[in-house]
Amino acid sequence: MTKRNYEDEAIKLSKVIDIAIESMRKFPSESWSKETLDHVVNCYKEYKEYAINPEPKFKKIASLKYLIEDVFTRFQESSGKDVEYFWQELKKQNLDYSRKDKLDKIIKSGKIKSRIEFEYVTDIIVLAEQEGRITKDEAMLLGNMLDNFALKHCK
């Protein structure tokens with residue numbers, strides 16, 4: 001595998017962000033007001049700015065992974081015309097990202113392994129249970145995993 005460099009990955013992520021914004025504008029969620037859509041679009045624009053023009057101390061692939069996680073969370077875990085359009089456009093433009101069910105992977109592993117996974121589960125657990133993607137028992141299991149991770153790593 002070739003060594004990834006920050007600039008190449010940031011440019012690739014900026015293209016993904018443009019597609020994300022386009023997909024949300026083209027197929028806005030029926031549950032969002034115009035203000036909500038504008039807010040989310042502005043957040044994605046900020047992600048792009050952080051990726052392209054980071055503070056020098058954050059110009060690392062490791063830091064970019066946090067932005068990637070933020071950009072992809074909605075499109076990994078949601079459904080709808082905007083989500084389908086997003087993944088189709090990524091494929092069309094040969095942007096090598098793939099859709100993964102991270103929540104299922106974490107449940108199967110029985111453990112939260114990183115700060116990124118911890119933040120992801122924290123952000124998604126309630127919504128996932130409300131949407132029926134996880135059961136009440138799985139939500140409790142994830143809650144226990146969050147507690148265990150926090151006890152070990154968040155002192």
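These legends walk you through close-up views of a predicted model.

**View 1. The largest nonpolar core.** Welcome to a core of 27 residues, where Leu13, Val16, Tyr44, Phe72, Phe86, Leu90 and Tyr97 touch the most other members. Helices α1 (6–26), α2 (34–52), α3 (61–77) and α4 (81–92) each give two or more residues to this core. The largest share, 9 residues, comes from α1.

**View 2. The surroundings of Tyr97.** Beyond its neighbours within four places in sequence, Tyr97 is in contact with Glu9, Lys12, Leu13, Val16, Ile68, Phe72, Trp87 and Leu90. Two of these partners, Lys12 and Glu9, form a salt bridge with each other (3.5 Å, N to O). Both Lys12 and Glu9 are buried. Look for Asp96 as well: Glu9, Lys12 and Asp96 are linked in a network of salt bridges.

**View 3. A link between two helices.** Here the side chains of Lys48 and Asp18 meet in a salt bridge (2.8 Å, N to O). Lys48 sits in helix α2 and Asp18 in helix α1, 30 residues apart. Lys48 counts as partly exposed because its relative accessibility is 27%, and Asp18 is partly exposed too, at 37%.

View 4. Lys92 and Glu89 pair through their side chains at 3.0 Å, N to O. They are 3 residues apart in this helix, so about one helical turn separates them. Lys92 is exposed, at 61%, whereas Glu89 is buried, at 10%.

**View 5. Glu117, a buried charge.** Glu117 belongs to helix α6 (residues 115–130). This buried residue has no salt bridge, and the nearest side chain of opposite charge, Lys105, is 5.4 Å away. Instead, follow the side chain of Glu117 to the backbone nitrogen of Lys113, at 2.8 Å.

Note on methods: Residues are numbered from 1 along each chain as its sequence is written. This is a predicted model: local features need pLDDT of at least 70, side-chain atom pairs count only at pLDDT 80 or more; totals for chains, interfaces and linings use all residues. Side-chain values use heavy atoms; hydrogens and water are left out. A nonpolar core is a set of buried Ala, Val, Leu, Ile, Met, Phe, Trp, Tyr and Cys residues joined through side-chain atoms within 4.5 Å. Buried means under 20% relative accessible area, exposed over 50%, partly exposed in between (1.4 Å probe, protein chains only). Helices (H or I, at least four residues) and strands (E, at least two) are DSSP runs, numbered from the N terminus. Contact means heavy atoms within 4.5 Å. Lys and Arg count as positive and Asp and Glu as negative; His and the chain ends are not counted. A salt bridge is a side-chain nitrogen of Lys or Arg within 4 Å of a carboxyl oxygen of Asp or Glu. A polar contact is a pair of N or O atoms within 3.5 Å; within protein, one must be able to donate a hydrogen and the other to accept it, and residues adjacent in sequence count only if both atoms are side-chain atoms.
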